[in-house]
Amino acid sequence: MKTVKIGYLTRVEGKAELDLTIDGEEVKDLKLKIYEEPRFFEALLIGRSFEEVVELTSRICGICYVTHQLSSVRAVEKVLGVEVNDRIRLLRRLIAIGGIISSHCLHLYLLALPDVLGLPDVFTADPKLLVKALRLKAVGDKLVELIGGRGVHPVTIVVGGFTYTPPKDKLMELAQSLKEAKKTAVESVPLFSADKFPRFEVDCERVALSNPEEYAINEGRVKSNKGLDISEDEFRAFIEETQVPHSTAKHSKVKGRGSYMVGPLSRVNLNFSQLSDDAREAAEASGFKFPSSNPFAANMARLLEVISLIDEALELIDAYREGPVRAPFQVKGGSAGAITEAPRGMNYHWYSIGDDGLIKAADISPPTCQNARRVEDDLREYVPTIAHLSEKEIASRCAMLIRAYDPCISCAVHSIEVKVKKL
Amino acid sequence: MKLKVGVFKFTSCSGCQVELIRMNEQLPELLNLVEFKYWAMASSKLEDGPYDLALVEGAISTPECIEEVKAIREKSRVLVALGDCAVTGGVPSIRNWMSQREAETIVYPKPGYIRSTRVYGIDEYVKVDYYLKGCPPRLENILQVFKAVILGVKPRLRQHSVCVECKLYENECLLTTYKQPCMGPVTAAGCGAICPNVGRVCEGCYGPMSDPNVASMVERLREIGLSDDEIVRKFRKYAGMSKPYREVAKL
């Protein structure tokens, strides 16, 4: 029996390690151990005012704060019966787009690209490429900041809408940078194309929001390639969570079936026809064929979303008019849930609020919890195909596959330690 | 010689590191002056110390964190608490006012698998050289610390309250004019008064300023109609475990 301990494998958000024992081609034991320190958000929200939920749940994640704010604000508004106007919906979509562009670019260029380039990080990559890539990421950041008042943990999103209206001319200025940034995104297609990643196909259930009106981000029905078609209110009736001893992240599965994948690949697979023309053209050039059953295609799906969402942001900025962005409401009790698409997939928030406006119970299921079980299932199918390789190579391929999910492990950053044990 | 830097993370959301990455296209310039020896989020190259500068994000909430932060301290010349969680426990410390068992049972069906302690800032366990307050600290303040350590001087971090910055932006006072519960008078500056600038009260996300008049703030909040419960919640948010707030956070 051989035990190999391979140092820290990194460029993943959150603390986790992978335990793997292989006997020949057979996977004897496989555990994605998530040991991120728990922060008990569902507990610390209890007794807090409904107005604080957006502010506090933002702190679940320093990368996808926008989606946590938008899921939570929509859930609270459903409880209170708040109707928001089109201007608010537009700004929410625009800030969500900013958040996705920023997060996707962070993942693509800083976390995933070193795998493609064979480098430990992008610090040693071509500085020209780095500057261009970070300038692309910066337009996402700037979009969030203009609408949200701050980049990380925006401050303007409140129950009922926004505390202020961003000036149209500032957004128009940004439109110029968005056009420049899009060129970088399109030029990047060869960096993340099919020939850069392993060929590995796996059949699984891929779940995402879907909306006939638009490429679903903030609103839609929950659909899958295996026939799931439910409203966000039915989420808990169809998706169950279990706790496993080796992880502080709970595991999810579709009731009566099994693990499922959420995230950019699920979204692009399900809603491909709603991507912009240039994004679909880029897909054609990438060598991946969508719908794709290769989990590594998630990187290309991210890039396609960046291209398509820049196109859409330009349209939204054009259509945007300054004006009131706050709906009135009265406090009342009740419970409701809402789902938005985080960069990494569906993000479910549910709250029970008392008549006094204080939170009585919360149920939050971020995408990485939903994906955790699927990542293990993918690895179980992938490892036998690479079992002949060295322990080091197996570890690095496994990390690459885990990375393709862009786990935001407890929506945090640390390291994945991969331990491979060959029997 | 480039400055040897380590970036470490404990119980937190990583927002402070993401703020650092938001230097975006300035990053290559910084890389001319510093070398990241350890930054797990951004690099697979993880080198053991010594570090000239350690940026530590996150609160301490498990027995393992305590050992790790002590080990980082031993290897680091200048150690900086990066953000509220590292400074005072931050948002995760809100749970310190409920029983550990209760928090675990609410979130996990089998809490026996979970190992956690009360949540503290890192200076509960190690000496901290500089405190970068904020949730998250503003990028220019983080870069101020880089500059200072490179030059071998003390960083100029603001000690006064948010009100000073608010005045610079010529905002109308939300607390006195509009009777809104703004925490600006007791909150450390550094954010640029971003919340009053976009029409909302300061929630205190930079934690206490130096020597805040907490008693007077409490009195003022009572005057505008806040209940004791509401006041406690305001002080038990980003810095409930800080020395100036601990008393009133119990109220």
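**Salt bridges, cores and a sheet**

Let's start with A:Lys78. This lysine is partly exposed, with a relative accessible area of 32%. Keep in mind that we are looking at a predicted model.

Who is its partner? The side chain of A:Lys78 meets that of A:Asp233 in a salt bridge, at 2.7 Å from N to O. Now find the two ends. A:Lys78 sits in helix 3 of chain A, residues 65-80. A:Asp233 sits in the loop between strand 8 and helix 7 (235-238) of chain A.

Is A:Asp233 buried or exposed? Its relative accessible area is 53%. The cut-off for exposed is over 50%, so A:Asp233 counts as exposed.

Next pair. A:Lys132 forms a salt bridge with A:Glu187, and their closest N and O atoms are 2.9 Å apart. This one also links distant parts of the chain. A:Lys132 is in helix 5 of chain A, residues 127-148. A:Glu187 is in helix 6 of chain A, residues 168-187. The separation is 55 residues. What about exposure? A:Lys132 has a relative accessible area of 39%, which makes it partly exposed. A:Glu187 is partly exposed too, at 48%.

Now a local pair. A:Asp378 and A:Arg374 form a salt bridge, with 2.8 Å between the closest N and O atoms. Both lie in helix 11 of chain A, residues 367-386. They are 4 residues apart, about one turn of the helix. Both A:Asp378 and A:Arg374 are buried.

How many salt bridges are there over all chains? The count comes to 55. Some join into a network. One such network links A:Arg48, A:Glu52 and A:Glu55 with B:Arg200, B:Glu203, B:Arg233, B:Lys234 and B:Lys237.

On to the nonpolar cores. The largest one has 187 residues. Which members touch the most others? They are A:Tyr109, A:Phe290, A:Tyr351, B:Phe36, B:Leu53, B:Phe146 and B:Phe235. Helix 4 of chain A, residues 86-117, gives the most to this core, with 17 residues.

Zoom in on A:Phe290. Leave aside its neighbours within four places in sequence. Its contacts then include A:Leu265, A:Val268, A:Asn269, A:Phe272 and A:Ala283. They also include A:Ala297, A:Met300, A:Ala301 and A:Leu304.

There is a second, separate core. It has 19 residues, among them B:Ala40, B:Ile72, B:Leu79 and B:Val87.

Now the sheet in chain A. It is open, with 4 strands in the order 8-7-6-11, and the pairing is mixed. Where are the edges? Strand 8 (229-230) and strand 11 (260-261) of chain A are the edge strands, and each pairs on one side only. Strand 8 of chain A pairs with strand 7 of chain A, residues 221-224. That pairing is antiparallel, over 2 bridges.

Last stop, the surface of chain B. B:Leu33, B:Ile150, B:Leu151 and B:Val153 form a nonpolar patch there. Together they have about 370 Å² of accessible area. Take B:Ile150. It belongs to helix 6 of chain B, residues 139-151. B:Ile150 is partly exposed, with a relative accessible area of 36%. A patch member needs over 30%, so B:Ile150 passes that cut-off.

Key: Residues numbered from 1 in each chain as written. Chains lettered and ligands numbered in written order. Predicted model: local features only at pLDDT ≥ 70, side-chain atom pairs only at ≥ 80, totals over all residues. Heavy atoms only, no water. Patch = residues over 30% accessible without salt bridge, like charges linked within 9 Å, V, L, I, M, F, W, Y side chains within 5 Å. Areas by Shrake-Rupley, 256 points an atom, 1.4 Å probe, with all protein chains shown as cover. Salt bridge = Lys/Arg side-chain N within 4 Å of Asp/Glu carboxyl O. Buried < 20%, exposed > 50% of the residue type's maximum accessible area, 1.4 Å probe, protein only. Core = buried A, V, L, I, M, F, W, Y, C linked by side-chain atoms within 4.5 Å. Contact = heavy atoms within 4.5 Å. Pairing = 2+ DSSP bridges.
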